[in-house]
Amino acid sequence: MDLSRAFWEQRYGDNETGWDLGGPSTPLRAYIDQLTDRELRMLIPGAGRAYEAEYAHRAGFRNVHVIDLTDAPFVDLKARCPDFPSDHLIVGDFFAHEGSYDVILEQTFFCALDPALRDRYVRKMWELLRPGGKLVGVLFNDALFADHPPFGGFKADYEPLLKPYFPAVSMEPCHNSIAPRAGRELWLHAQRPLSYSPVACALYDRFEAAAVTRRPIKLSMIDGGTVEGIIDDLFIRDGADWLRLKSGGEYRLDAISGAE
Ligand SMILES: C[S@@+](CC[C@H](N)C(=O)[O-])C[C@H]1O[C@@H](n2cnc3c(N)ncnc32)[C@H](O)[C@@H]1O
């Protein structure tokens, strides 16, 4: 189905916003309450009327950013919280957003996306987090709907998507959901591994182009060696990017210094 900006704008225009809690979600409020570093760079994607952003802002967090496809719900946020920095209100597509955050909060954004985008959601979250940064929040553990949002799913569906990027991901039954969602939510905690420095985008793009066109490539390794071959696959393992050559050899991308 069409889940474009126009779709969401119309939902706000028609006031068909059944997801809207009218205040910060209790699990996210409890999470924010135990944070001590007021300088943390936070992002709330698909933030809607952004009650969690307002809550964090009022609690003294100065680097809270929200992004939504449409500015319709931000009108409400600005009316409630006029001193929320307008340059932290980002109108645009989460998948096109660039940045580096310490914490990203999930609250009924994942379930609003076409399930075909779930892989990309996880990859984008990983990209937007600094090494060691965390994706936290709530995910439905409920079938919900298959043909329109909120799209459902279960822990067993999410785990294989998240694990390659966030090996230590946990999703535990949420004990402090709001009453109508009690027993149907998971508390998601996914930390981007510290140990991996991603390769420069330009180099990654060259690998991707070589993989798509099946062009032979010569890799210069950090240890001084070289390897030649055709890239069969680019993949994530244990939170790091890897490539596999047709010959079967697998190389972590941060062990490669160049390619020709
Ligand atoms: C179900 S609503 C949830 C809003 C808010 N998180 C809440 O719980 O009240 C989903 C929100 O995601 C936004 N959205 C959908 N796709 C998006 C995308 N690709 N990038 C940014 N925002 C998006 C919609 O405009 C909508 O405000």
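## Cysteines and overall build

The sulfur of Cys174 lies 14 Å from the closest cysteine sulfur, that of Cys111, which is too far for a bond. A disulfide is a covalent bond between the sulfur atoms of two cysteines. In this predicted model, a search of the whole structure turns up zero disulfides. Cys174 is buried, with a relative accessible area of 11%. Cys81 is buried too, and its relative accessible area is 1%.

| Residue | Relative accessible area |
|---|---|
| Cys81 | 1% |
| Cys174 | 11% |

Turning to the fold, the protein has seven helices and 15 strands. Its radius of gyration is 20 Å, close to the 18 Å that the globule rule gives for 260 residues, so the protein is as compact as a globular protein of that length. Along the principal axes, the C-alpha atoms fill a box of roughly 60 × 40 × 35 Å.

Of the 260 residues in the protein, 48% are buried. Among contacts with a separation of 6 or more, 63% are between residues 24 or more positions apart.

The protein carries 29 positive and 39 negative side chains. The centres of these two sets are 3 Å apart.

Definitions and conventions:
Residues numbered from 1 in each chain as written. Predicted model: local features only at pLDDT ≥ 70, side-chain atom pairs only at ≥ 80, totals over all residues. Heavy atoms only, no water. Helix = DSSP H or I, 4+ residues; strand = E, 2+ residues; numbered from the N terminus. Rg over C-alpha atoms; globule rule 2.2 N^0.38 Å. Buried < 20%, exposed > 50% of the residue type's maximum accessible area, 1.4 Å probe, protein only. Contact = heavy atoms within 4.5 Å. Lys, Arg positive; Asp, Glu negative; His and termini not counted. Charge placed at Lys NZ, Arg CZ, Asp CG, Glu CD. Disulfide = S-S within 2.5 Å.
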